[in-house]
Amino acid sequence: MSDEPPVASRESRAQVRQMLLIGAVASVLGVALALLIDWFPVPASEQAGPIDTLWDVLLIASVPIFVLVETIVLYCAIKFRMRPGEELKDGPPIHGNTKLEIIWTAIPAILLVGLCTYAYVVLTDIEKAEANSMNVRVVGEQFTWTFYYPGEGGEEIASPQLYLPAETPVNFTVQSKDVIHDFWVPAFRMKIDAVPGIDTHVRVTTTDRMGEFPVVCAELCGLGHSTMRQSAHVMTREDFDARLAELARGPAGGGGGDETDGKTLFTDAAEPQTCDSCHTLADAGATGTTGPNLDDSLADLSEEEIRQSIVEPDAEVTAGFAPGLMPRYGETLSEEQVDALVQYLMEVKGG
Ligand code: CUA
């Protein structure tokens, strides 16, 4: 066997040129197409810009490689496939083309080192601590988030929704009461696991873009994982201060406020996990299907059983439903609110 590289015929050189030309044109089209796609939701943090640019650079670097490889595979399968009568023919034995080997080692190595360096610089930039950042404690549990703001006299203000002032650096301390969750606001691009027993941190600087953005749990955490969605409200500093003062006045868990009308509590209390978000109850216009249909199941329950289902739902779980899905409302609703709910459900049951 000779170590000499095989001498390519003029015809095969022309074919390689044609193949590379097709690959180059397809790469340009591929990159253009990839950059035209709107990959991410509207950005609402300072971190979103560098992250979205990094994504575009990764597309520009990786799409041509994918397209070139696919072009060579398809071109060879079409042009150089075995034809009838060629079963016993084989190409020349190829061994050791030093020039090619250097090229195909060097290009990926340079790309990899370059992209890793760039990604490292971006990561350092978006994670850097800002002076005067606001602290928010985020606590995940099956299946809701609660947000805590530092209040007066060391007392924390709890909120069922995330409220943030615009153009402010925020330092989130993320915790979990039970299993691993993942705190993610896609519009902010940043994301961090909530791990029981560990405090994790993530920094976000809001921009002047105000509005409501989804808060999502990005770690499969149980049956209610997909329902673990809340909202991040970015607002002016004045609106934010007013909202915080309002939250400081209301009871923990919020939403229902001092409301003691059972029917209103059924649809409003303990936002975002209100009764009607999971249960069907015709009288309250509720159509949820995550939990038992109360139009059917209430009839069999005594007043005590109804109370227990609200305060300690896992003590007895309706057949066909999983334990752990319903929050223990004894922790978030006041005694008066629970009384009003029980009274309301007894009225609905009776009538
Ligand atoms: Cu919490 Cu998924």
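Modeller: The lining of the second largest pocket divides into 23 nonpolar, 13 polar and 6 charged residues. This is a predicted model, in which local features need pLDDT of at least 70, side-chain atom pairs count only at pLDDT 80 or more, and totals for chains, interfaces and linings use all residues. Residues are numbered from 1 along each chain as its sequence is written, and side-chain values use heavy atoms, without hydrogens and water.

Colleague: What makes a residue nonpolar, polar or charged?

Modeller: Its type. Ala, Val, Leu, Ile, Met, Phe, Trp, Tyr, Cys and Pro are nonpolar, Asp, Glu, Lys and Arg are charged, and the others, including Gly, are polar.

Colleague: Why is a space called a pocket?

Modeller: Because it is an open set of points on a 1 Å grid over the protein atoms alone, with protein on both sides within 12 Å along at least five of seven lines. Lining residues have an atom within 4 Å of a point. Here 42 residues line the second largest pocket, with H279, P292, S309, P313 and M326 nearest its centre.

Colleague: Which element gives the largest share of that lining?

Modeller: α7, with 5 residues.

Colleague: How much space lies in the largest pocket?

Modeller: About 2000 Å³. Its lining has 45 residues, and V16, M19, I72, L100 and W104 are the closest to its centre.

Colleague: How do you know what confidence the chain has?

Modeller: By pLDDT, the predictor's confidence in each residue, from 0 to 100. The chain's mean is 87, and 95% of its residues reach 70 or more. Over residues 1-5, pLDDT is below 50.

How values were computed: On a 1 Å grid over the protein atoms alone, a cavity is a set of points where a 1.4 Å probe fits but cannot get out, and a pocket is an open set with protein on both sides within 12 Å along at least five of seven lines; lining residues have an atom within 4 Å of a point. Grid points are joined across faces, edges and corners, and a volume is the space filled by probe spheres set on the points. Helices (H or I, at least four residues) and strands (E, at least two) are DSSP runs, numbered from the N terminus. Contact means heavy atoms within 4.5 Å.
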